Amino acid sequence: MSKLWNTDHDPQDVEPTCRKSLKAMGLDYFDVYMMHWPVHMSKNSKLLSANDGGEFHIEIIHSGDRKRLSETYAAMEDLVGEGLVKNLGVSNFSSRQLEELLEDCSIPPIANEVERHPFLQQPRLFSFCQENNIQIIGYSPLGKIGYRNEDSPSLLDEPVIKRIAEETGRSPSQVVLGWAVQSGSCVIPKSLTPHRIVSNFDVQDKFLSVEQMNTLSELDRGFRFVHVPYYDFPDDKIDLSIIQPKATVGVVDEEKVYRNYFGREGRPLGSNIIIENGAIRRLDKRAKEFVPTKCHKAKNYLVVDAIVDALYGDKVLKGFNDGGIETYKIVVPADAVDESGNPSAERHKTLNVFSQCADKILENGISKNSCIISLGGGVVNNLCGFLASSLYRGITLVHITTSMMGMTDAAIDFKQAVNHQLGKNLLGSYYPASNIVIDPEVLETLSERHILNGIAEALKHALCQSRDMTEALVQPLKNSFGALRNPEYLETVCRQCIDHKVPTLNHYHESDFNEMVPQYGHAIAHAIEHLSFHTEGVSPLLHGEAVAVGMCITAEVAKALGVCDQKTVDEHYEYIRDAGLPIYVPTGLTIEAIQNKICYDKHYVKKPVMGLISSIGHMYCKPDGSYAVEVENDTIKGALQANFTRRDAEEFICREIPFTYPETVNDENKTHFPDFSQDDAHFLSSRKLGQIGNLAAVCTACACQMSAM
């Protein structure tokens, strides 16, 4: 490998310079030939001294000029044709410069050599290179000694790195190099000492745990050791636009209880998350951990909706009181069947119910040390959050969430609200629960449709943040719904979702990435969900089902804008279908109605605004560092039409496939669908076969229920 220096950028100088380097090294060709900097200096420019990082006499011809860089690179491409070079690369290029180069060149670079270490992780640039098959080579992986001043931090003296070195039995330098290798970059540490060279090579066995890798990722501070007088890294505002880990992995204690935490600086906002199978069964022993110490001698209130109360209300109330926590129960209304044919308390998330609860609590007596404990899904969680934030200007809040949607989304946030007659969640506050308790065992009493409803929100984070997570969620569901009754699988879904959700909460104000990820697919989903409830002949969609459809259409938007390729669009449909979720807009909803409804989305200003995915696991970042993309209405219309076209083609194929409905419900079908209700059967039978995954199993279950009606 060799590099083209800054004084040799003139196209006519490129080949002679390369030949001179080959001759000096006694080679016939270079495997890789790289442009050293995106800077062209005059021939008079030279290094005067190597002291303190270098002293130069410099005459700059251009710095980062797109046209001039492409001309130099084109001359480098000719070297490949001459057989002097096998591959091309660049060094110190930003994501913007790479994007421009990829548009202008014929032979894409295979590598980009940049400064990279735990203090300067360059996540935006790193993701861009991964997406475009450009290998990052990290120089100064241990920090550049020659460039340091008295105020420079020391990687090898960083307490976190030293602690991990002790935990792993490695040296601090091996920990730093191991982090780089395990994160996917190559490293080129400099050493002349044989035993250090051997030590530097001994980092390729993935000795760092996921928790240690995430801890090291949190050290990113955007700090450069290397500064040169001829280039000032003007695109750092883009490439350093998001400095946060993709996931913050929780810890599992000796009792196999999962714990995580999210919070923000400024006004104190922070919540502990506890996942424990059997937490409700052992509540008498866990009560004083779940409820903060200051509440132990106060009156506390358990708020539960009527449906969950029948299942767990008295058990939880007894558990808290037996555990030494004085607790009183308040039951709020819920509907056994709503418009979607499912139980719901959404209609009762109102100021009237809020006032009734407040009246009962105040009449029975509270103190500033009292605690509101929510037991239920997102509706009760939200209602109790607003109650706790309002009573005595704020008392303690604890969530025990019983729905999959609550476990993956609704309860894992600071947003608390009730509905107003003019719209949903218009009255509320940002208020943290001290503890959020998740017991996957309670999902035994939740229908499979509602479990999938919550899994859709977890899949949203997976598609945006991690291909590995996407595979972990979808593969167990691909051929059977059996995993929906597997507590280990459900706990894995919750853990992985929370691990990836926590960074978006901790770093919320640092980048609009943290708003666009949770809202992925939602701009279109909200419109489809609302219309499905208010359009005659259309079976209502649950929120997660609408999000699943919305994500597929959002992928079509990204393809139309050139953000992703067709493969990424197809993967959206495949992953979501394999998870057992709908992928198409229900027949009966029109493009015009959906477009009209989108303008009421909270992110709609003059145009719809949404986050887009460039490839599975990677959100698209604009050149200005923002992840929010304004989308023209015609683009959305085209994306909807693409979804309709897929749906109609698949429906036609399904109509051509003969299918025999079983006359009775047999034991085998009962085993696969133990809680498949008549409402669920009506829901599925009203939709075409191609609109949901696991087609044969779903059709069989639907037919069994229909035959029993």
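In the predicted model, a search of the whole structure identifies five cavities of 30 Å³ or more. The second largest cavity has a volume of about 100 Å³, and its lining is made up of 14 residues, of which Asn92, Phe93, Ser94, Arg224 and Phe233 are the closest to the centre of the cavity. Among the secondary-structure elements, strand β8 (111-115) and helix α9 (236-239) each contribute at least two residues to the lining of the second largest cavity.

On the side of α10, the contact involves Leu283, Asp284 and Ala287, which meet Val316, Gly319, Phe320 and Asp322 in α11. By class, four nonpolar, one polar and two charged residues take part in the contact of α10 with α11.

As regards the confidence of the prediction, the protein chain has an average pLDDT of 87, and 87% of the residues score at least 70. Over residues 659-709, by contrast, the pLDDT is below 50, although in the model this stretch has 103 contacts beyond near neighbours in sequence.

Note on methods: Residues are numbered from 1 along each chain as its sequence is written. This is a predicted model: local features need pLDDT of at least 70, side-chain atom pairs count only at pLDDT 80 or more; totals for chains, interfaces and linings use all residues. Side-chain values use heavy atoms; hydrogens and water are left out. On a 1 Å grid over the protein atoms alone, a cavity is a set of points where a 1.4 Å probe fits but cannot get out, and a pocket is an open set with protein on both sides within 12 Å along at least five of seven lines; lining residues have an atom within 4 Å of a point. Grid points are joined across faces, edges and corners, and a volume is the space filled by probe spheres set on the points. Helices (H or I, at least four residues) and strands (E, at least two) are DSSP runs, numbered from the N terminus. Contact means heavy atoms within 4.5 Å. Ala, Val, Leu, Ile, Met, Phe, Trp, Tyr, Cys and Pro count as nonpolar, Asp, Glu, Lys and Arg as charged, and the others, Gly among them, as polar. pLDDT is the predictor's confidence in each residue, from 0 to 100.
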